[in-house]
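Please read them alongside the coordinates.

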Amino acid sequence: AQRWLLSAAPRDSELQLVVDDTQQRLVVTGYVRTERERVALSAALARQPQAPRAEFVAVEPMLASVRGLAHQHGLACEPVYRGAGRVDCGREIADATAAERLRSASQQVAGLRELALSLVQPLPAAAVTAAAKAAYESTQPPAAPPGTIIFPAHPYDLDDTKLRSLVDEG
């Protein structure tokens, strides 16, 4: 059976033959790259006398499922297969809550054993303060040179005190 599996297994597959102790039956487990390979191997297994049970997964549909779940949770995740059912999200995630919801939902994906997610590291407080100050200052009009009188956009915005001081100075 092992020799047959080696000859029938697709290139770059991660398959193994194990014994199901409860049913005393051989089982082919692991991963193949595409759905096409999964279907072809399942058909080849079915033609074998005393065919082993097929419990293997195609990686491409698994990655598509993770990508779809990430999209549903508003995350830009480009899943990368790392072998043995492990998948990494190829991009850092800024929203920790959405990442946790994705991790929870991904437990339903057939064959997925582990989903690795990287969270964006928060900036130190000093960097955040400096960035916020720079953003605020970029929205402010430039400062007037000393000695320049700046009139409000509408004369009714001047109160009596400001008007008297402008008249007295003028």
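This is a predicted model: local features need pLDDT of at least 70, side-chain atom pairs count only at pLDDT 80 or more; totals for chains, interfaces and linings use all residues.

1. A residue counts as buried under 20% relative accessible area, as exposed over 50%, and as partly exposed in between. By that scale alanine 84 is partly exposed, because its relative accessible area is 30%.

2. Overall make-up. The protein chain contains 6 helices and 6 strands. Their order from the N terminus is α-β-β-α-β-α-β-β-α-β-α-α. Of its 170 residues, 26% are buried. The accessible surface of the chain is about 12,000 Å², and carbon and sulfur atoms account for 54% of it. Taking contacts between residues at least 6 apart in sequence, 53% join residues at least 24 apart.

3. The main core. The largest nonpolar core has 21 residues, of which Met62, Leu102, Leu112, Leu115 and Leu117 touch the most other members. At least two residues of this core come from each of H3, strand E5 (86–89) and H4. H3 gives the largest share, 6 residues. Apart from this core lies another, of 9 residues, which includes Leu5, Leu41, Leu45 and Phe56. As background, nonpolar side chains in soluble globular proteins tend to be buried together.

4. Helix H4. Which residues of helix H4 (residues 96–105) are buried? They are Ala98, Ala99, Leu102 and Ala105. Viewed down the axis of H4, these buried residues fall within an arc of 125 degrees, so they line one face of the helix. Their packing partners are helix H3 (59–72) and strand E6 (114–116). At the start of H4, the backbone nitrogen of threonine 97 has a side-chain oxygen of aspartate 95 within 3.0 Å.

5. Serine 106 and leucine 112. Serine 106 sits in the loop between H4 and E6. Its relative accessibility is 4%, so serine 106 counts as buried. Leaving aside neighbours within four places in sequence, serine 106 is in contact with Leu69, Leu112 and Leu115. Leucine 112, not counting residues up to four places away in sequence, touches Met62, Val66, Gly85, Val87 and Ser106.

6. The disulfide. The structure holds 1 disulfide. It is formed by cysteine 77 and cysteine 89, whose sulfur atoms are 2.3 Å apart. Why does the pair tie together parts that are 12 residues apart in sequence? Cysteine 77 lies in the loop between H3 and strand E4 (79–83), whereas cysteine 89 belongs to strand E5, so the bond joins those two parts. Cysteine 77 counts as buried at 6% relative accessibility, and cysteine 89 is buried with a relative accessible area of 7%.

7. Glutamate 14. This residue is in strand E1. Glutamate 14 is partly exposed, with a relative accessible area of 29%. Leaving aside neighbours within four places in sequence, glutamate 14 is in contact with Thr29, Gly30, Tyr31, Tyr81, Gly83 and Ala84. The side chain of glutamate 14 makes a polar contact with the side chain of tyrosine 81 at 2.8 Å. That side chain of glutamate 14 also reaches the backbone nitrogen of alanine 84, at 2.7 Å. From glutamate 14 to phenylalanine 56, 42 residues apart in sequence, the C-alpha to C-alpha distance is 9.0 Å.

8. Backbone angles to check. Most residues other than glycine have a negative phi. Alanine 84, in the loop between E4 and E5, has a positive phi of about 55 degrees although it is not a glycine. Aspartate 12 likewise is not a glycine but has a positive phi, of about 65 degrees. Aspartate 12 is found in the loop between helix H1 (2–8) and strand E1 (14–20). Is aspartate 12 buried or exposed? Aspartate 12 is exposed, because its relative accessible area is 52%, and the cut-off for that class is over 50%.

9. Alanine 8. Alanine 8 is in helix H1 and counts as partly exposed at 28% relative accessibility. Alanine 8 and alanine 40 are 32 residues apart along the chain, with their C-alpha atoms separated by 9.5 Å.

Key:
Residues are numbered from 1 along each chain as its sequence is written. Side-chain values use heavy atoms; hydrogens and water are left out. Buried means under 20% relative accessible area, exposed over 50%, partly exposed in between (1.4 Å probe, protein chains only). Helices (H or I, at least four residues) and strands (E, at least two) are DSSP runs, numbered from the N terminus. The arc is that of the directions from the helix axis to the C-beta atoms. Contact means heavy atoms within 4.5 Å. A polar contact is a pair of N or O atoms within 3.5 Å; within protein, one must be able to donate a hydrogen and the other to accept it, and residues adjacent in sequence count only if both atoms are side-chain atoms. A nonpolar core is a set of buried Ala, Val, Leu, Ile, Met, Phe, Trp, Tyr and Cys residues joined through side-chain atoms within 4.5 Å. A disulfide is a pair of cysteine sulfur atoms within 2.5 Å. Accessible areas come from the Shrake-Rupley method with a 1.4 Å probe; for residues, only the protein chains shown count as cover.
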